[in-house]
Amino acid sequence: QVQLVESGGGLVEPGGSLRLSCAASGSIFSISSMGWYRQAPGEQRELVADITIGGSANYADSVKGRFTISRDNAKKTVYLQMNSLKPEDTANYYCNAAIMGAPGWGYRTYWGQGTQVTVSS
């Protein structure tokens, strides 16, 4: 059984910062890409940023220059440093990872339960 557990969400004022973490645990042989998505009420879930096992990162245009994704492969953890937060960043943020449970099994996508980020004065 594989689990992704997010932490670090909360309430922050516009211009503030938050750091999200997502740790993978369970039967894991290899993790390929890891990423963060977000979903605001009434909106579709959208990609915020993702990162390959080698560290190549990809960002949504709306967060470029403000958010930084990173990962610690030894800890099976992905981070999202969010700076200069805006009210429109308010959403539930979900962690995502492509995980191989055992050699030869292939990669399967897993999701975390989500962590709420609210940007408001």
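Q: How many bridges join strand β3 to β8, and do they run parallel or antiparallel?
A: This is a predicted model, so read what follows with that in mind. Strand β3, residues 18-26, is joined to β8 by 6 bridges, and the two run antiparallel.

Q: Which residue stands opposite V78 in β8?
A: C22 stands opposite V78.

Q: Is β8 mostly covered or mostly open?
A: Mostly covered: 5 of the 6 residues in β8 (residues 77-82) are buried.

Q: What joins β7 to β8?
A: There are 6 bridges between β8 and strand β7 (residues 67-72), again with the strands antiparallel. In that pairing F67 stands opposite M82.

Q: And the turn there, how many residues lie between the strands?
A: The hairpin of β7 and β8 has 4 residues between the strands. K76 takes a positive phi near 55° in that hairpin.

Q: What is the order of strands in the open sheet?
A: The order is β1-β3-β8-β7, which makes 4 strands with antiparallel pairing. The edge strands are β1 (2-7) and β7, and each pairs on one side only. From one strand to the next, the twist averages 15°.

Q: How many bridges join β1 to β3?
A: β1 and β3 are joined by 6 bridges and run antiparallel. L4 has A24 in β3 as its bridge partner.

Q: Back to C22. Which residue does C22 form a disulfide with?
A: C22 forms a disulfide with C95, and the sulfur atoms are 2.0 Å apart. The pair ties together parts that are 73 residues apart in sequence, because C22 lies in strand β3 and C95 in strand β9 (residues 91-100).

Q: How many disulfides does a search of the whole structure find?
A: The search finds 1 disulfide.

Q: Are C22 and C95 buried or exposed?
A: Both C22 and C95 are buried.

Q: Why is the disulfide of C22 and C95 given a hand, and which one?
A: The torsion about the S-S bond is about -80°, so the disulfide is left-handed.

Q: New topic. Where does N96 lie, and what is N96 in contact with?
A: N96 lies in strand β9. Leaving aside neighbours within four places in sequence, N96 is in contact with L4, S33, M34, G35, Y37, T109, Y110 and W111.

Q: Why is N96 called buried?
A: N96 has a relative accessible area of 10%, and buried means under 20%.

Q: T109 is on that contact list. Where is T109 found?
A: T109 is found in strand β10, residues 107-111. Its relative accessible area is 47%, so T109 is partly exposed.

Q: Which residues does T109 contact, outside four places in sequence?
A: T109 is in contact with N96, A97 and A98.

Q: Switching to β4 and β5. How many bridges do they pair over?
A: Strand β4 (residues 30-39) and strand β5 (residues 46-51) pair in the antiparallel sense over 5 bridges. W36 stands opposite A49 in β5.

Q: What is in the turn of that hairpin?
A: The hairpin of β4 and β5 has 6 residues between the strands, and G42 in the turn has a positive phi of about 80°.

Q: How many bridges join β5 to β6?
A: 3 bridges join β5 to strand β6 (residues 57-59), which run antiparallel. D50 has N58 in β6 as its bridge partner. In the hairpin of β5 and β6, G55 takes a positive phi near 100°.

How values were computed
Residues numbered from 1 in each chain as written. Predicted model: local features only at pLDDT ≥ 70, side-chain atom pairs only at ≥ 80, totals over all residues. Heavy atoms only, no water. Buried < 20%, exposed > 50% of the residue type's maximum accessible area, 1.4 Å probe, protein only. Pairing = 2+ DSSP bridges. Contact = heavy atoms within 4.5 Å. Disulfide = S-S within 2.5 Å. Axes fitted to C-alpha atoms, helices over the stretch in contact; angles between N-to-C directions.
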